[in-house]
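I opened a new notebook page for this chain.

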Amino acid sequence: MRIGIEAQRVFRKNKHGMDYVVLQEVLQLQKLDHENEYYVFVKPGPDRCIRSSERVHVVELEAPTYPVWEQWALPRAARRAGVQLLHCTSNTAPVRCGIPLVLTLHDIIFMEPRSGGNQSAYQNMGRLYRRAVLPRVLPHCRRIITVSRYEEQNIVNRMNIAPQRMAMIYNGYNRWFRPTDDPQQLYRRYIDKPGFIFFLGNTDPKKNTERTLVGYARYLKRSAVGRQLLMADLDRGYLNTIVRRNNIGEILDHLVMPGYIVNSDLPYIYNAAFAFLYTSLRESFGIPLLEAMACGTPVVTSNTSSMPEIAGPDALLTDPTSADDIADALLRLETDQQLWQQQRQVGLERARHFSWQNTAEQLMQLYRECATEV
């Protein structure tokens, strides 16, 4: 079979969740699949993280905007390559393609009512584009892949999809996320000393950044330690708005904001952290949960959406709508050494259930099934 894989943004320097997923899927397929031929369609960029090989051909496509790239350049290139099945990996696909489609629908958050405003014009335009395209694409998909049981049921219910058209395939995590003593202390590129709290917040309302920062302020008032909070890639103007609105200026002396953190540096940060905060309102999977747990870092996460499913039954779950609950969970870890050690072991054991190899093997099986359908 000739299989096309859409990986539009995988060559960009500052990658995010969906970019890492398709990158790892392609790299694993390149190792495991010795029967099919793959055409990986990408937009040119500085991080050439996938190389062509005997059965994997990287095809670079130029286009002025994402919609033009996806709706015109991608199907045109796929037809020229003789692709027999096109796997679009980032929630949308060409409306008119002429090739059997598989769609990875990571989530349908963009189809749901908003939990708050968003100041990013780029994210707002992306939301409108996805809302317009997805309903028109779904009827043409042979399979719709999603990444958790929670999201699978959510899609079936909200989008009126027949369950037999769905496929649930868990994400994995990179094996460099593991416990380490970090003799080079690479975390010092971002923060001076270990024992901090780590939070990957941004301006997306679902990330619950404002309530998490209020919870952190309440933790500081009650803590005898007063650990620093390392935050990645958060806009300073957005932070200042939160601080003023909630009158929590005291947290500013305890925040460390180094900007974007390179993925290969994250294992050292997780290992140096006292705890990892993943207090989103809504997630379809949550790869950072696995990464932190695989490093042996205790995790405080939410009791909503997919997070209990991924973190497991023994995880330390909190109500993400309660700043007090977030503060209480941090204080419990800080004052109960036995609980801290227990959560460390819980995470290490849970992470063993996930791998990118498993993900790729299930994709290969799905492609075989699609090939037999008329």
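Helices (H or I, at least four residues) and strands (E, at least two) are DSSP runs, numbered from the N terminus.

A note on the source. I am working with a predicted model, where local features need pLDDT of at least 70 and side-chain atom pairs count only at pLDDT 80 or more, while totals for chains, interfaces and linings use all residues. Residues are numbered from 1 along each chain as its sequence is written, and side-chain values use heavy atoms, with hydrogens and water left out.

**Overall build**

I listed 12 helices and 13 strands in the protein chain. Its C-alpha atoms fill a box of roughly 65 × 40 × 40 Å along the principal axes. I then checked the radius of gyration, taken over C-alpha atoms, against the globule rule of 2.2 Å times the number of residues to the power 0.38. The protein chain has 21 Å, which agrees with the value near 21 Å for a compact globule of 374 residues.

Next came burial. I call a residue buried under 20% relative accessible area, exposed over 50%, and partly exposed in between (1.4 Å probe, protein chains only). By that rule, 57% of the 374 residues are buried. The protein chain exposes about 16600 Å², and carbon and sulfur atoms supply 47% of this area. Accessible areas come from the Shrake-Rupley method with a 1.4 Å probe; for residues, only the protein chains shown count as cover.

I took contact to mean heavy atoms within 4.5 Å. Among contacts with a separation of 6 or more, 68% join residues 24 or more positions apart.

**Helix α4**

Which residues of α4 are buried? In this helix (residues 149-159) I noted Glu151, Glu152, Asn154, Ile155, Val156 and Met159. The buried residues of α4 pack against α3 (121-137), β6 (141-146) and β7 (166-168).

**The open sheet**

I traced an open sheet of 6 strands, in the order β10-β9-β8-β11-β12-β13, with parallel pairing. Two strands pair if DSSP finds at least two bridges between them. Neighbouring strands are turned by 25° against each other on average, direction ignored.

Inside the sheet, β8 (residues 196-199) pairs with β11 in the parallel sense over 4 bridges. Phe198 has Phe276 as its bridge partner in β11. Helix α8 packs on the sheet and touches β11 and β12 (299-302), its direction making about 165° with that of β11. For such angles, axes are lines fitted to C-alpha atoms, for helices over the stretch in contact, and angles run from 0 to 180 degrees between N-to-C directions.

**Salt bridges**

I counted a salt bridge when a side-chain nitrogen of Lys or Arg lies within 4 Å of a carboxyl oxygen of Asp or Glu. How many salt bridges does the whole structure hold? The search finds 18.

I looked at Arg282 and Glu112, whose closest N and O atoms are 2.9 Å apart in a salt bridge. The pair links distant parts of the chain, 170 residues apart: Arg282 in the loop between β11 (273-278) and α8 (287-294), Glu112 in the loop between β5 (101-104) and α3. Both Arg282 and Glu112 are buried. Salt bridges also link Glu112, Glu151, Arg158 and Arg282 in a network.

Then I turned to Arg218 and Asp324, which meet in a salt bridge at 3.0 Å, N to O. Arg218 lies in helix α5 (residues 209-222) and Asp324 in helix α10 (residues 323-335), so the pair ties together parts 106 residues apart in sequence. Arg218 is partly exposed at 35%, and Asp324 is partly exposed at 40%.

Arg222 and Asp328 form a salt bridge, with the closest N and O atoms 2.7 Å apart. Here too α5 holds the Arg222 end and α10 the Asp328 end, so parts 106 residues apart in sequence are tied together. Arg222 counts as exposed at 51%; Asp328 is partly exposed at 29%.

**Two single residues**

Arg227 sits in the loop between α5 and β9 (229-232). Its relative accessible area is 17%, so Arg227 is buried. Leaving out residues up to four places away in sequence, Arg227 touches several residues, including Tyr216, Phe274 and Glu334.

Val26 lies in helix α1 (residues 17-32). At 3% relative accessibility, Val26 is buried. Not counting residues up to four places away in sequence, Val26 touches Ile5, Val40, Ile50 and Val56.
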